[in-house]
Amino acid sequence: MGRDGAQTSRRVLDAVGRIVTARGLEGIRIREIAAEANLSPGSVLYHFPDHSQLLYAVHVDTVRSYLEGRATAAVATDADAAQRLIAVLRAGVPPWANEHVIRLLYGLHDLARRSQEHADLLTELWRDELALYVEIIRAGMAEGLFAVDGAPEEVAAGLLALEDGLVLHRISNNSEISSDRVVAVFAGIATEQLSCPRIAEYAAAGELPGVS
């Protein structure tokens, strides 16, 4: 695909993302996508002749963008494991994370109920996020910061599920769950699970030293 083709595909993917975020998955039409992307319907069909392939491409693109942000936070320099844990959490919570990407990601989750292809993608996302948490927990244990009662993988899975639930309430406009509340609740439970008061301290401090 040449540069022009790549740019057109990018415009289509972005247009579908905006439509899904604003109105959900139902009723997406080629003419609506074309109008949103400022392209002709024929151009949209040329690059994405199959509707299901188009939605899958949007899902893959959204997962990639989301994971890139989290992976970047996970390798922040000059940070201990407690700092990295909060940084990775915030990389999945608006406004520290791109709210459009987060809302789109959750909006696309429903596709996993209808398609094994999308379910497999969601499974890969879980595994990749889980691996980030496990690596940080193991690093914290090696640093002498974390003490884990049980397998690090199980603790990580619990924290990841907690995060997912809190963020879902945050983007669903639950007035009881602000972004700061997401971080505070997560940090409080992680502090207990990992026996590390620094986690709550870093969460309450706001900006994290050594984390860019």
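**Reading a chain of helices**

Q: Which residue just after H9 takes a positive phi?
A: Just after H9 comes Ser-195, and its phi is positive, about 55 degrees. Keep in mind that this is a predicted model.

Q: Where else can I find a positive phi, this time following H8?
A: Look at Asn-173, which follows H8 and has a positive phi near 65 degrees.

Q: Let me step back. How many helices and strands does the protein chain have?
A: There are 10 helices and 0 strands. Reading along the sequence gives the pattern α-α-α-α-α-α-α-α-α-α. The C-alpha trace spans about 60 × 40 × 30 Å along its principal axes.

Q: What share of the 212 residues counts as buried?
A: A residue counts as buried when its relative accessible area is under 20%. By that cut-off, 46% of the 212 residues in the protein chain are buried.

Q: Which residues of H9 are buried?
A: Start with the general idea: an α-helix has 3.6 residues a turn, so residues three or four places apart point the same way. In H9 the buried residues are Ser-179, Val-182, Val-183, Phe-186, Ala-187, Ala-190, Thr-191 and Leu-194. Viewed down the axis of H9, these residues fall within an arc of 150 degrees, so they line one face of the helix. Among the elements covering them are helix H5 (81-90), helix H7 (116-142), helix H8 (152-171) and helix H10 (197-205).

Q: What do the buried residues of H8 pack against?
A: They pack against H4, H5, helix H6 (99-108), H7 and H9. The buried residues of H8 include Val-155, Leu-159, Leu-162, Leu-166 and Ile-171.

Q: At what angle do the axes of H9 and H10 cross?
A: They cross at roughly 165 degrees and come within 7 Å. Angles over 145 degrees count as roughly antiparallel, and H9 and H10 are therefore roughly antiparallel to each other. Their crossing is right-handed. From H9, the contact uses Val-183, Ala-187, Ala-190, Thr-191 and Leu-194, while H10 brings Pro-197, Ile-199, Ala-200 and Ala-203.

Q: And what about the axes of helix H4 and H7: how do they cross?
A: The axes of H4 (residues 51-74) and H7 cross at roughly 0 degrees and come within 11 Å. H4 and H7 are therefore roughly parallel to each other. Their contact includes Leu-55, Tyr-56 and His-59 of H4, and Leu-121, Leu-125 and Leu-132 of H7.

Q: Is Ile-86 buried or exposed?
A: Ile-86, found in helix H5, has a relative accessible area of 0%, so Ile-86 is buried. Ile-86 and Ala-184 are 98 residues apart in sequence, yet their C-alpha atoms are 10.0 Å apart in space.

Q: Where is Asp-80 placed, and what is Asp-80 in contact with beyond its neighbours within four places in sequence?
A: Asp-80 sits in the loop between H4 and H5. With a relative accessibility of 14%, Asp-80 counts as buried. Leaving those sequence neighbours aside, Asp-80 contacts Glu-143, Leu-145, Arg-198 and Tyr-202.

Methods:
Residues numbered from 1 in each chain as written. Predicted model: local features only at pLDDT ≥ 70, side-chain atom pairs only at ≥ 80, totals over all residues. Heavy atoms only, no water. Buried < 20%, exposed > 50% of the residue type's maximum accessible area, 1.4 Å probe, protein only. Helix = DSSP H or I, 4+ residues; strand = E, 2+ residues; numbered from the N terminus. Arc of directions from axis to C-beta. Contact = heavy atoms within 4.5 Å. Axes fitted to C-alpha atoms, helices over the stretch in contact; angles between N-to-C directions. Parallel < 35°, antiparallel > 145°, perpendicular 65-115°, else oblique. Left-handed = near helix turned anticlockwise from the far one by under 90°.
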